[in-house]
Amino acid sequence: MRTLLVVAGLFVAAFATPIFNKDLDSDWVQYKQVHKKNYAPEEESLRRLIWEDNVHHIQKHNLAADRGEHTYWLGENEYADMTIFEFRAIMNGYIMNANRTKGEMYMSPSDIGDLPDKVDWRDKGYVTEVKNQGHCGSCWSFSATGSLEGQHFKATNKLVSLSEQNLVDCSQREGNHGCKGGLMDNAFRYIEMNKGIDTEESYPYTAKDGFCKFKASKVGATDTGYVDIPHQSESKLQEAVATVGPISVAMDAGHKSFQLYKKGVYSEPACSSTKLDHGVLAVGYGSEESEDYWLVKNSWGESWGMDGFFMLARNKRNMCGIATQASYPKV
């Protein structure tokens, strides 16, 4: 945390004496209460300045969105007291080139027919509650459990919340690095080799690296490998989401606009379709006011976005790389 504070301190290094906007005093008190923020005395001024800058950014963006210049709106959340540099370093743990092996290649079903205009696997019971990875770069593990939770439900009609901590603590041999990042495919490979993953209840999440405590008697689901969706193909990803269930996907999430996203169809011109840093879960798709979107589950808690979910622009040149490295486990 000290290193992160040094990084964040660069943001306010020019201020010998912090000058706060007094009109925001009550809002700051409310922000701390709502998000249960307790700062050390030497840290609070820094956090206040960062928060005020983010509030100004939110207000400016939303005025433009109200004029029709954007298709999404921003809002305060538990991360509004962090700089984007801190946020990237802590929250975005997808390591794009970390010993990635290839799974079975996705093949379109022979009887696929016309795809539905809208899909939302939440309505079918495939999706567990929104979870929160905390200050740990374990997004990849939440994406992996989410996809396996869906496939396990499809096979058994039982929705079981699976243990991200099991993956954080135990899948280093497959190439993952716990809170320092990893890959969903490596997680699927670990689960296959390990003959299962424990339930969330039996192996709860701690948001920090720990020793492996896997118990074979507490396995909640298994897989027999994984399937990779063709690289950068939104059409194949749409097929998979429509016919398979929730799909693990990665994206470029390293932008203030995403850190502070609240609602609407997210579209960021600065997003890369090849440099990915965050693992999430595609749980559906649709269209809203002529804007095609992917419906995606995040792992940043319910205070972020649309109660933990977001809509990402679909059929817009693979926005943020959503279709670049998609996959799902075989059950």
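I began at Glu164, which is buried, with a relative accessible area of 1%. Buried here means under 20% relative accessible area, exposed over 50%, and partly exposed in between, with a 1.4 Å probe and protein chains only.

I noted the basis of the values before going on. This is a predicted model, where local features need pLDDT of at least 70 and side-chain atom pairs count only at pLDDT 80 or more, while totals for chains, interfaces and linings use all residues. Residues are numbered from 1 along each chain as its sequence is written, and side-chain values use heavy atoms, with hydrogens and water left out.

**Salt bridges**

I took a salt bridge as a side-chain nitrogen of Lys or Arg within 4 Å of a carboxyl oxygen of Asp or Glu. The count by this rule is 16 salt bridges.

I looked up the partner of Glu164 and found Lys131, with the closest N and O atoms 2.8 Å apart. Lys131 sits in the loop between strand 3 (119-120) and helix 5 (139-156) and Glu164 in helix 6 (residues 164-170), so the pair ties together parts that are 33 residues apart in sequence. Helices (H or I, at least four residues) and strands (E, at least two) are DSSP runs, numbered from the N terminus. Lys131 counts as buried at 9% relative accessibility. I then found that salt bridges with shared partners join Lys131, Glu149, Glu164 and Glu200 into one network.

I next checked Asp81, which forms a salt bridge with Lys37, the closest N and O atoms being 3.3 Å apart. Asp81 lies in the loop between strand 1 (72-74) and helix 4 (84-91) and Lys37 in the loop between helix 2 (25-34) and helix 3, so parts that are 44 residues apart in sequence are tied together. Both Asp81 and Lys37 are buried.

I also looked up Lys256 and Asp53, whose salt bridge has its closest N and O atoms 3.1 Å apart. Lys256 is in helix 9 (residues 256-259) and Asp53 in helix 3, so this pair ties together parts that are 203 residues apart in sequence. Lys256 counts as partly exposed at 23% relative accessibility, and Asp53 counts as partly exposed at 28%.

**Helix 3**

I checked the span of helix 3 (residues 41-66): its 26 residues reach 38 Å from first C-alpha to last, close to the 38 Å expected at 1.5 Å a residue. The expected span is 1.5 Å times one less than the number of residues. Gly68 follows helix 3 and has a positive phi, near 90°.
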